[in-house]
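Student: I would like to learn how to read a sheet and a pair of packed helices in a model of this kind. Could you take me through them one after the other?

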Amino acid sequence: MPSASAATNRAAADAPDPVERIPHLVGGEPRAGSSGRTSPVFNPATGRQTGELPMANADEVDEAVAAALAAFDEWRCVSVARRTKLMFAYRNLVVENAEEIAKRLTAEHGKVLADAIGEVARGVENIEYACGLSEHLKGTYNEQASSGVDVYSVRRPLGVVAGITPFNFPAMVPLWMFPNAVACGNTFVLKPSPRDPSAASFIAELFHEAGFPGGVLNVVHGDHVAVNRLLEHPEVQAVSFVGSTPVARHVYETATAHGKRVQALGGAKNHMVVLPDADIDLAADSAVSAAYGSAGERCMAISVAVAVGDSADPLVDAIRARMEKLRIGPGDDPASEMGPLITAEHRDRVADYVRQGAEAGARVVVDGRKAHFEGDGFFLGVTLLDEVTPDMTVYRDEIFGPVLCVVRVGTYHEAVDLLRHNPWGNGAAIFTRDGGAARQFQEDADAGMVGLNVPIPVPVGYHSFGGWKESAFGAHAIYGPEGVHFYTKPKVMTTRWPDPAGSRVDLGFPTNR
Ligand code: NAD
């Protein structure tokens, strides 16, 4: 794996990186792949190919589902105590290997190592939640619902569950899914993003090292061919998807048409409203980290700052001043605060949005296209566009790069209207010192996750994550209590036992009555 230090990277700048062949993982065993199709994996900081990924065909997906199905009958009967012990062992292994996972994230995604370590920590929260499965799977019981009749319910696993994940959190998003699914007694087939698959493969290997039986978690690599087979496969009971809105819609429509339970989380355009009474330094610090952190490739990134009234000029000045100090460079250099974008094509697409914004009349306060970078990495500077209006493509589209748009409005109500008319509803934030305004925003914000003086309100692992409108399809949010509900189905027992005192049953021993 390309996990060398920054110094080593620089020294070896001209040496070709070794290309690692990344296998599928089926029934606990690595599989080289037999489709004949492969896809290159790059280090975005150098632009060099570092890996080669097999792209599964339908038969290979079928093999992974068959392995998961074979494991299910035994796994669902494993005691809660044993499942809990395994989950704790897994949690400890992931924590012990956090730095190694983070290095893989940086090497293939490009995010800076501190971000990558943060990603692993947020993933671990979900394993820790899954460790509490004895609490989560407690049923309910009503005595004497009717005379001599008791009613109780339990939650049963679904069977084989599939997870399809995006490139931007290659370890955390899989961890949103499979620990809870498996804790509930399901078996799992994971299809990671082909752009940065190594971290997902590594955390799956650790899962088996922790002692989970082969077949409980399987990994198939691939593209739409593998995804579409999972969506149609008769033995896949449920699909968890995280990615862009068009693909989320396709996944939702196809998998539900095949009778599956689906949660499909899509894209976003998150707004941060700044009221005139806000602490401008706090708002500007938050905007810079939330807009440009991880090169803006976060579904909870702030991409629109809505400046209300007099806040606009000081806010734009404060953001610009901070942008000038941002250090952009390879993620494994401790001095870097922002890394490259995921691919050269994506970098060019983001740069083109800056051109479109400028041509449409936005004021380019800082132009990321002017930043110069040595080498062939997929770097782009940070951009601040002011005086953006809702008709511009830079406002309408999810850019998913280091571009922050400022929309100026006169009142709080205009700000809330913008959110209401935006097709997405993942996150929204407000910056203010006024508790009443903040409380009103909590009510008004048309989004699934709301931050009050918090720019990226990603819920902790024991709540659940989910947007509204085009940011999510399906009834359940992901992870936490909603995750447990998604991965289980209720079974309700209604029982009547003849009353021994009525002597309808001879117990063969005296009763108390
Ligand atoms: P993507 O939609 O391109 O890919 C996601 C997954 O779908 C990948 O595994 C990919 O291989 C697969 N896929 C891609 N095209 C497909 C097709 N035509 N048919 C079937 N499967 C297909 O997303 P991405 O570029 O990897 O990730 C970025 C997107 O994910 C952004 O839109 C971002 O907002 C979103 N995202 C959302 C959340 C959330 O929680 N709402 C979290 C992270 C990322």
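**Reading the sheet and the helix pair**

Tutor: In this predicted model, seven strands make up an open sheet of mixed pairing, and their order is β15-β16-β17-β14-β13-β19-β20.

Student: Which strands stand at the edges of the sheet?

Tutor: The edges are taken by β15 (363-366) and β20 (449-452), and because each has a single partner strand, one side of each is left without a neighbour in the sheet. On average, neighbouring strands of this sheet are turned by 20 degrees against each other, direction ignored.

Student: In what sense do β13 and β19 pair?

Tutor: Strand β13 (residues 270-274) and strand β19 (residues 427-431) pair in the parallel sense, over four bridges, and Met 272 stands opposite Ala 429 in β19.

Student: Now to the helices: what describes two packed helices?

Tutor: Two packed helices are described by the angle between their axes together with the distance between those axes. Here the axes of helix α4 (residues 98-109) and helix α5 (residues 113-131) come within 8 Å and cross at roughly 125 degrees; α4 and α5 are therefore oblique to each other. The crossing in which α4 passes α5 is right-handed.

Student: Which residues make the contact between α4 and α5?

Tutor: From α4 the contact draws on Ala 98, Ile 101, Ala 102, Lys 103, Leu 105 and Thr 106, while α5 contributes Leu 113, Ala 116, Ile 117, Glu 119 and Val 120.

How values were computed. Residues numbered from 1 in each chain as written. Predicted model: local features only at pLDDT ≥ 70, side-chain atom pairs only at ≥ 80, totals over all residues. Heavy atoms only, no water. Pairing = 2+ DSSP bridges. Helix = DSSP H or I, 4+ residues; strand = E, 2+ residues; numbered from the N terminus. Axes fitted to C-alpha atoms, helices over the stretch in contact; angles between N-to-C directions. Parallel < 35°, antiparallel > 145°, perpendicular 65-115°, else oblique. Left-handed = near helix turned anticlockwise from the far one by under 90°. Contact = heavy atoms within 4.5 Å.
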